[in-house]
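Please look through the structure shown below, and then work through the questions that follow it.

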Amino acid sequence: MAIRNVRTLGDEVLGKKAREVKEMTPRLRQLIDDMFETMYEYQGVGLAAPQVGILRQIVVIDTEEDSPIVMVNPRILEQSGSQSGNEGCLSVPGKAGVVTRPNYVKAEAYDENMERFEIEATDLLARAICHEVDHLDGIMYVDKVEGDLFDVEQEEEEE
Amino acid sequence: MTKTDVRELALGILLEVTEQREFCHMALGNVLEKYQYLEKQERAFLSRLTHGTLERLLELDYIINRFSKVKTGKMKPVIRNILRLSVYQLKYMDSVPDAAVCNEAVKLARKKGFSGLAGFVNGVLRSIARGLGDVEYPKETREKEYLSVCYSMPEWIVEKWLEEYGRQTAESMLKAFFLGEDTTIRVHRDRISQEELKERLEKEGVEVRPVEGFPGALTIRRYDTLNRIKAFKEGLFSVQDVSSMLAVEAAEVKEGSFCLDVCASPGGKALYLAEKLKGTGLVEARDLTDYKLKFIEENIARGGWKNVRCHRQDARVSDETLVEQADVVLADLPCSGLGVLGKKPDIRYRASRESLAKLAGLQREILGVVWRYVRPGGVLIYSTCTINREENQENAAWFLDTFPFEAEPLPGIFRGFTDEESIRRGMCQLLPGRLGNDGFFIAKFRRKRENHGS
């Protein structure tokens, strides 16, 4: 396991489309483990492979309200309703902004064993799925933000 | 994706208030302003957590110190405040599971760069979560200590109130500060009737109740922020405690009068005076700085009043143009604020015996200037939002001794709020509690018609 380097806004990899995963390999399993570790280290609730520089369609999500989820080749099948709220991204550190997302989504994806599953989500999880799936298409939340980004305190103290 | 951690915001506010002596309502207000888009529940959680932690601070520290070898005074500020807000959740917020409180605290400690102390935070919180029911409080016979911990009030204030009011009244006051969850508003009855406004607010999902004994006053609860209430933006009501309204009532102002509010910010009382004048006369609202005048101007703009104007003036400095000009001078002066501890829980940790004495001196200095603005036969209202003899009764007595004024009985509306003796003597100390009002002092003086050698 390792914590990977998170790419930040301006890195061109974040603007590219990720490729579909055809089969699970040990390297990709390792990638998934590392993505979880990286997400937890930086207190994210979701992370997409392009954010660690890998253009494959893999995302990990843990909103803490539901169990951790791996989604390989995710597709959003249905969506409805809307929620406006603030959102941040590990690739845009120290900032947040308001984004409107559907309040309900139904998605399909494959797990780490390439078993297909469907998931229905509302509220935060629905928001997280949309945010991460956007990353696979090279879309950042800053493209959708309403109004200005604002600073989120991030003062660190030395022990 | 990341999300805003409300506990991290709460920690930021606590640090500002406890370590940098920022005012709680300012620090919280700034954060709510900046994070406009937090969900209603998140905003409510944040307000409750910061306000609650501050109003229970001494009790929380007492609990922490019974479980931790390192005492709160020796801890790093970040760790101390993480523990405080976590213990508040453990003890006072049943909706948050204990395990979540501990986990969030540990995460927050790590995020703030204290990974090495995450184990300490976890250990202390888990033992508090287990042992919270068996915490030994100071014995009830040791009155001062017991009341101080139970009601999180510095011992010197407890001692002072025990001396001045006795155990029973002191304790009911201490209790009352925890009840102030409602907001009191004054209906602008020149624009809308009380019933109509009540109906409109209820349509917006706000819970509304009338204040007994005071027509035009309502209490509201269960709203998000005032600025999202349409009727507020339209200037149909303002937020004002009943005791502040009473200070204005005491003046019994007549149409066409010239009224002077010498320390007016944020302007609530001045605007109530203006309303009472029904568009006639003039109210001049003064205060020390442009910053303070800005609040008054905002309030005037919201209501669209024409007979109010603002003026920057240090109340300690005499303005010769106003001598004997005013029909009513309202001197609601800077004070120690011990009557509004329910709304401003941090005041108690800032105040000291020395600061109280200093404020009493400042009040005398201002009164010694502004009495001259009252025309012979005019009225001066002296009020404070505190409970402290030195600032209140003693200053009022000094005023009567020193200047050509007489005490004047208070009007009938006071009947529901104080005793006959106070009404007759023209000065009353409202205690917080029974009626959900703040602790407040109001005295009414009328200037003698012949000016005896002053």
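Q: Which domains does the domain assignment of chain B give?
A: This is a predicted model, in which local features need pLDDT of at least 70 and side-chain atom pairs count only at pLDDT 80 or more, while totals for chains, interfaces and linings use all residues. Residues are numbered from 1 along each chain as its sequence is written, and chains are lettered from A and ligands numbered from 1 in the order in which they are written. With bounds that come from an automatic or database domain assignment, chain B is given domain 1 (6-134), domain 2 (183-239) and domain 3 (242-447).

Q: Which element gives the most residues to the side of domain 1 of chain B that touches domain 3 of chain B?
A: The centres of these two domains, taken over C-alpha atoms, are separated by 37 Å, and 9 residues of domain 1 of chain B are in contact (C-beta atoms, placed from the backbone, within 7 Å) with 5 residues of domain 3 of chain B. Two elements of chain B give two or more residues to the domain 1 side, namely helix 2 (24-34) and helix 3 (40-55), where helices (H or I, at least four residues) and strands (E, at least two) are DSSP runs numbered from the N terminus. The most, 3 residues, comes from helix 3 of chain B.

Q: What is the radius of gyration of chain A?
A: Chain A has 2 helices and 8 strands, which run α-β-β-β-β-β-β-β-α-β from the N terminus on. The globule rule (2.2 Å times the number of residues to the power 0.38, with the radius of gyration taken over C-alpha atoms) gives 15 Å for 159 residues. Chain A comes close to that value, so it is as compact as a globular protein of that length, with a radius of gyration of 15 Å.

How values were computed
Two residues are in contact if their C-beta atoms, placed from the backbone, lie within 7 Å.
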